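Subject: Structure for your files

Hello,

Here is the structure I said I would pass on. Please look it over alongside the notes below.

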Amino acid sequence: MTNAIVSVSKESRLFEPPEAFAAAARVGARETYDAMYRRSIDDPEGFWGELAAELHWFDAPKTIRQWDPPKTRWFEGGTTNLSYNCLDRHVAAGGGDKAALVWEGEPGDVRTLSYTELLRETARCANALRRLGVGAGDRVVIYMGMVPEAAITMLACARIGAIHSVIFGGFAADAVRDRVNDAGAKLIVTQDGAWRRGKVVALKEHVDRALASCPSVEHTLVLRRTGNPIEMVAGRDLEWTETVGVAHHECDAVPVAAEHPLFILYTSGTTGKPKGVLHTTAGYMVGCYVTTKYVFDLRDDDVYWCTADVGWVTGHSYIVYGPLANHATVVMYEGAPNHPGPDRFWAMIAKHRVTVFYTAPTAIRAFIRWGDEHPARHDMSSLRLLGSVGEPINPEAWMWYRDVIGGGRCPIVDTWWQTETGAIMMAPLPGAIATKPGSCTVPFFGVVPKILRHDGTEAATNEGGYLVIEQPWPSMLRTVWGDDERFRETYFSRFPGKYFTGDGARRDEHGYFWVMGRVDDVVNVAGHRLGTAEIESVLVAHPWVAEAAVVGRPDELKGQALVAFVTLKSGREPTDPLAEELAELVSAEIGKFARPDAIRFADALPKTRSGKIMRRLLGELAAGQAPKGDTTTLEDISVLAALRTDDE
Ligand code: PRX
């Protein structure tokens, strides 16, 4: 961690919510937000209790919030079911005919599922899971592309109290194996292949390779999507159509306790081993429901599209659970944004009359590069609200998004949150909060963010520091799967009793927050969160590699790109083919999205006297700057000089 966090952003433009938008919004004035926020802090029980009561409970909660840091429990005594709240609740209220999912495949096929149909498919899947011996508390891994069946399987798990763990389809076999084993999954739900830019990603093949060493897995359930040939192991591998397809279309949702585990989602941290972030049912449900309702200000006739992948938390909270709990119509897209052409998203917005669009800064920067002529060709007048998530959005990208995509009329909600927070933590309510390009503005209800100095004292206005959260919130992670100690150590030891986000931020003179990015050894590449230690451990597993240090460097498109500094064992020579081989190794073991942009060989890595690799210095080298700051602790100053020469 660096000692000083320096903020360089000097953005001062302010955009008030458009009057017409504010007039129709759920929260239409700053004073209304202020009053609601105040109440959420002064009377959390009353505030959250009332919002939770908008959802269905089989038994009402007896208490609302318990807080014994680092542990929190919400809605204790209550029993509910998230699948019920996303589906049955709406059908029972007469809303079954409304489109729940409008899915578009990469090849252009469209499938619309009403709430009634989605409920039936979910029930079939739930019955099939049961037949395969999956019960409450059992873990089911979902390793799929962006197909409706991914959402259906998630909802089916929630329906019977099974715990799902979605693994992003871009992960390679070894990464799948590690996650499956950590979760102790009984079943893997997958596809023959997924479409990506006209090509097939061979998901089942990756599963087959992973399964060579996953003793807990009894079955795989395989959806045919791309039609590529696959091997089906008799007795182990089952066809979706012959299992889910033939199951009964009714299955009662099981009432589960408020704190019943809902899902595990693996995310990168500062060690080589990914963390299984655990979310439980009721708090997560309420968090997703309430944030979706207020931040996206959903109306009954909205067509809402979040371009994330269900393999990441954004897909969980804002493709599946939050919007469906709100009875929204959700657009889901299978493929790449530039297939068959760079205007795919804009064509889809026009075709489906999308009103709310939520995407990532890395995508926005790619759109800018591809050219304004692509959005200009399509009628995007249906849009009324834009969202951004995943990394800091630079003011240029923000302005382009506002002007070119939003036609200057749509507010932008820049939403800051994390896998661990489960739901949005800071964002402007679009009818109430004036926005500044690059700032996620103010905290959501119930969220108490603080910026701290190294010593735990509060930073001054505009002074960069560590972002922490002081009070518990409903959708807070409950633990790291199987590792309570790591949970405590990672999030609650740096500033005891407070949740440490791992991000650096500042708060400006208007009380607006500006998140600058990670202060730990986590790098955000194109919105994908990667632990550098995870990549280093792949590199050092190569027989020729002695040491490796991976750092991020600024990248115009991806936000950050990875640079690996590698030292070789004696007698081994650095060559271009070796660099290529090492980069490939990372692709093969973690996934293509983790492949370093550059491998730089060095005779030694700069270290402190205590033997710690000086990452800040390597980061500066990777960024092409001459290292500044204090280098007197360098074990061997000549190492630095040598690295610098390599650089030139
Ligand atoms: O560094 C912050 C950045 O993404 C991290 C969380 O990554 P992940 O758990 O993968 O979840 C991504 C989707 C919520 C944060 O610690 N981040 C996310 N949103 C923003 C952001 N940084 C700045 N502004 C944001 N809006």
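Predicted model: local features only at pLDDT ≥ 70, side-chain atom pairs only at ≥ 80, totals over all residues.

Ligand surroundings

There are 17 residues around the ligand, and those that come nearest are Asp 414, Thr 415, Thr 419, Asp 503 and Arg 529. Two of these also have a listed polar distance. Thr 419 has a polar side-chain atom 2.6 Å from an oxygen atom of the ligand. For Arg 529, the distance from a polar side-chain atom to a ligand oxygen atom is 2.7 Å.

Helix contacts

Two packed helices are described by the angle between their axes and the distance between the axes.

Helix 11 (residues 281-295) packs against helix 12 (residues 313-325) with the axes 8 Å apart and an angle of about 80 degrees. Angles of 65 to 115 degrees count as roughly perpendicular, and helix 11 and helix 12 are therefore roughly perpendicular to each other. On the helix 11 side, the contact is made by Tyr 284, Cys 288, Tyr 289, Thr 291 and Thr 292. Helix 12 contributes His 316, Ser 317, Tyr 318, Tyr 321, Gly 322, Pro 323 and Ala 325. By type, the residues of this contact are 7 nonpolar and 5 polar, with no charged.

The other pair is helix 8 (residues 173-183) and helix 9 (residues 203-211), whose axes come within 8 Å and cross at roughly 55 degrees. That angle makes helix 8 oblique to helix 9. The crossing of helix 8 and helix 9 is right-handed. Here Ala 173, Val 176 and Arg 177 of helix 8 meet His 206, Arg 209 and Ala 210 of helix 9. The residues of this contact divide into 3 nonpolar, 1 polar and 2 charged.

Backbone details

Most residues other than glycine have a negative phi, and most peptide bonds are trans.

- Pro 69 and Pro 70 are joined by a cis peptide bond with omega of about 5 degrees. Pro 70 sits in the loop between strand 1 (65-68) and strand 2 (71-74).
- From His 339 to Pro 340 the peptide bond is cis, and omega is near 0 degrees. Pro 340 belongs to the loop between strand 17 (329-333) and helix 13 (344-352).
- Phe 75 is a residue other than glycine with a positive phi, near 60 degrees. Phe 75 lies in the loop between strand 2 and strand 3 (79-80).

Regards

Notes:
Residues numbered from 1 in each chain as written. Heavy atoms only, no water. Axes fitted to C-alpha atoms, helices over the stretch in contact; angles between N-to-C directions. Helix = DSSP H or I, 4+ residues; strand = E, 2+ residues; numbered from the N terminus. Parallel < 35°, antiparallel > 145°, perpendicular 65-115°, else oblique. Left-handed = near helix turned anticlockwise from the far one by under 90°. Contact = heavy atoms within 4.5 Å. Nonpolar A, V, L, I, M, F, W, Y, C, P; charged D, E, K, R; others polar. Near = heavy atom within 4 Å. Polar contact = N/O pair within 3.5 Å; in protein donor to acceptor, adjacent residues only side chain to side chain.
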